[in-house]
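Dear colleague,

Please find below the structure that I am handing over to you.

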Amino acid sequence: NNNLPNQFYLSENYPNPFNPTTQFSYQIPEFSDVELAVYDIQGNLVKMIFKGSHKPGEFKVMVNSDNMASGYYMTVLKAGDLILTQKMMLLK
């Protein structure tokens, strides 16, 4: 299918800084075991967005800042040996 992405991709979130919600997109070019999560700047898991087998395609995700303090966070996309990260900032 020509509409499928040809590489793994994780966009920056928008808006950034954010309060109370932010959105980002990611692309998966092939069926993969995927982990998509938000970590605080110290490396602690804050939110597990998705973990499991993932079909190819482009996807959008909305993150709500409930139970999160102001500060920097990392969105992390893991697929096989690949790890992509994006920094985001929450201002409350």
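**Salt bridges**

Asp66 is partly exposed, with a relative accessibility of 41%. Please note that this is a predicted model. Asp66 forms a salt bridge with Lys47, and the closest N and O atoms of the two are 3.0 Å apart. This pair links distant parts of the chain: Asp66 is in the loop between β5 and β6, Lys47 is in strand β4, and 19 residues separate them. Lys47 also counts as partly exposed, at 21% relative accessibility.

The structure holds 3 salt bridges. Lys51 is exposed at 63% relative accessibility, whereas Glu35 is buried, with a relative accessible area of 17%. Glu35 also meets the side chain of Lys78 in a salt bridge, at 3.7 Å from N to O. Lys78 lies in strand β6 and Glu35 in strand β3, 43 residues apart. Lys78 is partly exposed, its relative accessible area being 30%. Through shared partners, these salt bridges join Glu35, Lys51 and Lys78 into one network.

**The open sheet**

An open sheet is formed by 4 strands in the order β4-β3-β6-β7, with antiparallel pairing. The antiparallel pairing of β6 and β7 runs over 9 bridges. Gly71 has Leu90 in β7 as its bridge partner.

In soluble globular proteins, nonpolar side chains tend to be buried together. In this model, the largest nonpolar core has 11 residues: Leu10, Phe24, Tyr26, Ile28, Val34, Leu36, Phe59, Val61, Val63, Leu77 and Ala79. At least two residues of this core come from each of β2 (21–28), β3 (32–40), β5 (57–64) and β6 (71–79). A second, separate core has 6 residues, including Phe18, Met68, Tyr73 and Leu90.

Ala79, a member of the largest core, touches Phe8, Ser32, Asp33 and Val34, when residues up to four places away in sequence are not counted.

Ser65 is located in the loop between β5 and β6. Is this residue buried or exposed? Ser65 counts as buried, because its relative accessibility is 2% and the limit for buried is under 20%. Setting aside residues up to four places away in sequence, Ser65 touches Phe18, Asn19, Pro20, Leu90 and Lys92. Among these contacts, Phe18 and Leu90 belong to the second core.

Pro5 is placed in the segment before β1 (9–10). Pro5 is likewise buried, with a relative accessible area of 15%. Leaving aside neighbours within four places in sequence, Pro5 is in contact with Gln27, Ile28, Pro29 and Gly57. Pro5 and Ile28 are 23 residues apart in sequence, and their C-alpha atoms are 6.7 Å apart in space. Ile28 is itself part of the largest nonpolar core.

With kind regards

Methods. Residues are numbered from 1 along each chain as its sequence is written. This is a predicted model: local features need pLDDT of at least 70, side-chain atom pairs count only at pLDDT 80 or more; totals for chains, interfaces and linings use all residues. Side-chain values use heavy atoms; hydrogens and water are left out. A nonpolar core is a set of buried Ala, Val, Leu, Ile, Met, Phe, Trp, Tyr and Cys residues joined through side-chain atoms within 4.5 Å. Buried means under 20% relative accessible area, exposed over 50%, partly exposed in between (1.4 Å probe, protein chains only). Contact means heavy atoms within 4.5 Å. Two strands pair if DSSP finds at least two bridges between them. A salt bridge is a side-chain nitrogen of Lys or Arg within 4 Å of a carboxyl oxygen of Asp or Glu.
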